[in-house]
Structures are given as C-alpha cells and as structure tokens.
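User: I'm new to this one. Can you walk me through it, starting with the inside?

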Amino acid sequence: MKTLDGFGKPCPMPLVMAKKELDAGETDLVVNVDNETAVKNITRMASKKGFGYKVTTIEGGFAIAIGGDLPADAAEGAPEAAAAMCTPGGGCSGYSVFIGKDHVGEGDPQLGYNLMKMAIYTLNQADVAPMNLLFMNSGVKLVCGDEAQIIDSVKELQEKGTDVLVCGTCLNFYEIADQLKVGEVSNMYDILERMHESSKVITL
C-alpha cells in the first residue's frame, strides 16, 4: 500500500497527488493530511472514481485509506448524478454558474450587491437549474452572510439537485469558514473540473 504525505501542503495539492496515483493504476493508497477540507475533497474524488475509503484520525491529522476493497460512501457521487434532478421533469442542460465576487458589474457597490441577490433568486426561479453553483473569492461572502433571500435561494437550488461548491481557500482568506450557511467546502481543482464537465459556464 502506497502512502502519500499531504501534511503542510496547501489545497488542492493533496487531492492532485492522490488523483495522479489513482489515474496511474494504484488501487491501494493512503493519504495523510492535516485538515478536514482535504479529507472531504479526497474522499469525494475517490467516491467519484468508484473507490471505497476509510478515514482514520492520526497524530496531527487524518489518514485516508483508498481502495477497491473498502466500502464506498453512497452519499457521495459524481456531479452527473445530481443533473438528473435539476428540474421536476428530470432534465438538465448541464450548465454551471461561476460567482467570483459578491456583486454584479462595476459601479455602485450596493447596486451591484442587489443585482447579485436578484440574479441568484432568478436562477432559483428558472425552469432549468444549474448543475453547479461555484463560489470563489469575495463571492463566498454571499453564502456566509445574513441575507436570507440569498441563503434560501441557494438552499432551494441544492434541493433541486444543484451542487454548490465553495472555495475553502477563499473562506480561510476572509476568515469566515465558520460562517458558511450553505454549500460544500471545495477547492480550485474540483471547481475547475466542474467547469470542464459543463456544457457551458455562466460567470456573474
């Protein structure tokens, strides 16, 4: 069984290390990491590739064992699985929405914020929900704030099958990781992969 040392490595380096080994044919792997965000990212990737996994607490962090003989977590799945739930009728165009700031356009800050709030509300009211809603940079503040309309709209999108990924590095930069109200903490690699898998990406 091969062991990878992900201690002290910034996101998404441990994930990329593990993926490279699995893509090369490794079927029994242990990845040692020092934070829970890396655990979530690596186990989600392993499940998406059809591998089971087991997480064990070790000194200073966690050991993630990945292998075909381990039980898979049925709660995790590929983004395509969510696509079937994008509309009540079961159809989805497979598009993603990237939100890299907490406002729309440039000009008056309050106007820009209000436009973003309305844009997210409109996405929720659309006939076809996005497959992915991706938050980065100051956009992560939207899912950590107290604006009920934004939080409710994003939660309702999740219920329709939209995957909501929130940049963990950005949450840590703004020191608001403990204020996240909706969405899953993710990383640059996973967010870019979701963009690549989408039929189109809309940037707000």
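Analyst: Helix 2 gives the largest share of the lining of the largest cavity, 4 residues. Helices (H or I, at least four residues) and strands (E, at least two) are DSSP runs, numbered from the N terminus. This is a predicted model, where local features need pLDDT of at least 70, side-chain atom pairs count only at pLDDT 80 or more, and totals for chains, interfaces and linings use all residues. Residues are numbered from 1 along each chain as its sequence is written, and side-chain values use heavy atoms, with hydrogens and water left out.

User: Which residues line the largest cavity?

Analyst: The lining consists of C11, P12, P14, L15, N35, T37, A38, N41 and I42. The elements giving two or more residues to that lining are helix 1 (13-23) and helix 2 (36-48).

User: And by class, what is in the lining?

Analyst: There are 6 nonpolar, 3 polar and no charged residues. Ala, Val, Leu, Ile, Met, Phe, Trp, Tyr, Cys and Pro count as nonpolar, Asp, Glu, Lys and Arg as charged, and the others, Gly among them, as polar.

User: New topic. How many helices and strands does the protein chain have?

Analyst: The protein chain has 7 helices and 9 strands.

User: What percentage of the residues count as buried?

Analyst: Of the 204 residues in the protein chain, 43% are buried, meaning under 20% relative accessible area (1.4 Å probe, protein chains only).

User: What about contacts between residues 24 or more positions apart?

Analyst: Such pairs make up 73% of the contacts in the protein chain with a separation of 6 or more. A contact means heavy atoms within 4.5 Å.

How values were computed: Buried < 20%, exposed > 50% of the residue type's maximum accessible area, 1.4 Å probe, protein only. 1 Å grid on protein atoms, 1.4 Å probe; cavity = no way out; pocket = protein on both sides within 12 Å on 5 of 7 lines; lining within 4 Å.
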